[in-house]
There are 2 protein chains.
Amino acid sequence: MATIKMVADHAGVSTATVSRVLSYPERVQPETRRKVRAVIDALGYAPNFAAKSLRTLRTRKIVVMVPDISNPFYAEVLRGAEDAAQVAGYSLLLGDTRDMPEREAQYADMLLRKEADGLIFLGHRLPSSLTKLVAETGFQSPIVNACDFSSELGVCSVHIDNARAATDAVQLLLSMGHRRIALLAGPETSPLTRERLAGVRHAALVAGVADRLVITHGDYTILSGMALASGLLDAETAPTAMFCFSDEMAIGALAACRERGLVCPDDISIVGFDDVRYARFQNPPLTTVRQPMNLIGVEAVRLLLTLLRDGGKPERHWLTLPHDLIVRGSTGPAPRR
Amino acid sequence: MATIKMVADHAGVSTATVSRVLSYPERVQPETRRKVRAVIDALGYAPNFAAKSLRTLRTRKIVVMVPDISNPFYAEVLRGAEDAAQVAGYSLLLGDTRDMPEREAQYADMLLRKEADGLIFLGHRLPSSLTKLVAETGFQSPIVNACDFSSELGVCSVHIDNARAATDAVQLLLSMGHRRIALLAGPETSPLTRERLAGVRHAALVAGVADRLVITHGDYTILSGMALASGLLDAETAPTAMFCFSDEMAIGALAACRERGLVCPDDISIVGFDDVRYARFQNPPLTTVRQPMNLIGVEAVRLLLTLLRDGGKPERHWLTLPHDLIVRGSTGPAPRR
DNA sequence: GCTTGTGATGTAATCGATAACATGCATGGA
DNA sequence: TCCATGCATGTTATCGATTACATCACAAGC
């Protein structure tokens, strides 16, 4: 494989000149430039990344930690992030953590090894190996949380107003006459879940039905949605509406209803969360709270890049993006009993 | 940030000893080892990746190029790849190409810059910057194709028997009495599409209905499935069955049918391809050809790792994995006309 | 007592680029 | 004519690890 020295020798110049041709072409005589370029092409030379990175102390890489890349919500966020990174000359290191702390730690270490310049994480756990770094540099740390934010983390973050979004969804159900509403929420430990539950309770309190809420916790997957919905439907007093904290869980809930011969939305209304692209292709099409998934990824990268531009202090430590309640066919008036 | 020199100084040893403590602990006196480890912990030292990589000429990174990460088929393959890579101590660089040649070229260049040790690509174009490399090293090149294989590429590959899989699907439809079968195929230029079409034609020829096949080409997305299906359904003689080359297109086709008040499978049968996790949660559940998505990713990484172990010649240049026809509710007997 | 072998550790070259600083040459103004 | 200036290019230290080789101490064998 060609090195800068080989190029320099063949072109009869010094390595510095070759380096300049690539980084600051205007500082090199056109004649020399042409000659060097010709050699570069002939040898198929490409600057060694490790050497460059060692010298400049920058990698132009970003680790993105997601709990599960096969979940289209995360995949969409990732896609937005990839777009924004690509434009800025950065590339992404994929960290599919499967929600396992040891994997999270492993990917977080890439920051310490200077294997990447920054880290974006979707999820609520900040690996402990980074707490030292965060303690020292605070909001200046090259770390951005997306979606599942809690102020205790002490890092920048990009998310929607989860409380408000949940309130919106519950208000829709209330306006349709539903009083017995079940929640298929996320993991109890997640700040995001807590935020949404607060929003739900707020709406329910105002309507005076807070004591009739039934709260269950799942892990956002289709299967957990099916299981939770099955439990709820088989209980003595089944809910007339289910608000699921992910579209995947809503898809599982729909399946559970179908299994029992229940017709959605006549017998039961279902609301999802995220608006992944399969939501509107469910039968009936799923009512859901849309999150701007691509934008979340794009803005997370933008925020991180601001932090990376040395001394770059962002205007704000967090960014709240707009959500949108999309009403489709899976919600309807509460059935009379 | 701590360097190996700082650790060495604090521990009162040489840098070589520190390096040995990390790489070959058994070659260091237990006493010294303990002392060095203590300093490492105290300083939070982690070996600089660029320096290590420059010295060893290995990065333990693999670029994975996919046309669209938000497509769950690719996401699942990626997940399998991530798993296998992680176990072997490798990490993945995400290359979402959006099917754009210039992006493919950009990610392929990472190989030349030694930014990654190997490349896995899903798609059928091998970027031209790599043709030189492939010409020189042939099947030894650290490059593996997944899914969309053509022998002209001259690189290793992992895929299912696409011709056979397509034959299986068409035979199912034929056995149910369908004679007017439409195809929602992939891009014409893709070898994978050609393979599957060959399989389709084979089955149709045997049954004597080859001349009644209607072939359309899409890009695997839901929207293109909808558009193609709409065109077919609005034609004078609509098909009684549609075989889609991706589940996404099948989901779009289902939506197009619903729009027109057609009941699947009574009025029309639909077969997908891939068996992404949304397939069985369609209404009706989708009959489809299952590809072992995770396994494809796992085996692609395994094959690549074999190539990377220097001089490692794999037993075979390609690996054919099993597919499976999953019959669900979206297929039924052909309607009498 | 001397040689040889072995194990623990140190010294220093090396990987391949970048960039600060040095050099040398041409130009222009006094 | 001389010197200051600026431009093109070269020289070399540096980034932070790994590792071949050198060194040293000590034990075993003759």
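Predicted model: local features only at pLDDT ≥ 70, side-chain atom pairs only at ≥ 80, totals over all residues.
Local features are given only where pLDDT is at least 70, side-chain atom pairs count only at pLDDT 80 or more, and totals for chains, interfaces and linings use all residues. Residues are numbered from 1 along each chain as its sequence is written, while chains are lettered from A and ligands numbered from 1 in the order in which they are written.

The two protein chains were compared by superposition (least squares on the C-alpha atoms of residues with pLDDT of at least 70 in both copies). A rotation of 180° places chain A on chain B, with 0.0 Å of shift along the axis and an RMSD of 0.1 Å. The two copies are therefore related as by a two-fold rotation axis. Both copies use the same surface: 100% of the contact residues of chain A recur in chain B.

Contact here means that the C-beta atoms of two residues, placed from the backbone, lie within 7 Å. By this rule, 36 residues of chain A are in contact with 36 residues of chain B. On the chain A side, two or more residues each come from α4, α5 (72-87), β2 (91-96), α6 (101-112) and α11 (247-259). Helices (H or I, at least four residues) and strands (E, at least two) are DSSP runs, numbered from the N terminus. The largest share, six residues, belongs to α5(A). By class, this side holds 19 nonpolar, six polar and eleven charged residues. Ala, Val, Leu, Ile, Met, Phe, Trp, Tyr, Cys and Pro count as nonpolar; Asp, Glu, Lys and Arg count as charged; the others, Gly among them, count as polar.

Strands also pair across the two chains (pairing needs at least two DSSP bridges). Three bridges join β2(A) to β2 (residues 91-96) of chain B, and the two strands run antiparallel. Leu93(A) has Leu93(B) as its bridge partner.

Helix α4(A) has a buried side. A residue is buried if 20 or more other C-beta atoms lie within 10 Å of its own, exposed if 12 or fewer, and partly exposed in between, with C-beta atoms placed from the backbone. Phe49(A), Ala50(A) and Ser53(A) are the buried residues of α4(A). They lie on the same side of the helix, because they cover an arc of only 95° around the axis. The arc is that of the directions from the helix axis to the C-beta atoms. Their cover includes α4 of chain B. Arg55(A) and Thr56(A) are exposed on the face turned away from the buried side. Leu57(A) follows the helix with a positive phi, near 65°.

A residue is near a strand if its C-beta atom, placed from the backbone, lies within 6 Å of it. DNA strand D is surrounded by 27 residues, and the closest are Ala16(A), Thr3(B), Ile4(B), Ser19(B) and Ala51(B). Two or more residues each come from α2 (15-23) and α4 (49-56) of chain A and from α1 (4-11), α2 (15-23) and α4 (49-56) of chain B. The largest share, six residues, comes from α2(B).

DNA strand C has 26 residues around it, and Thr3(A), Ile4(A), Ser19(A), Ala51(A) and Ala16(B) come nearest. At least two residues each are supplied by α1 (4-11), α2 and α4 of chain A and by α2 and α4 of chain B. This surface divides into ten nonpolar, eleven polar and five charged residues.
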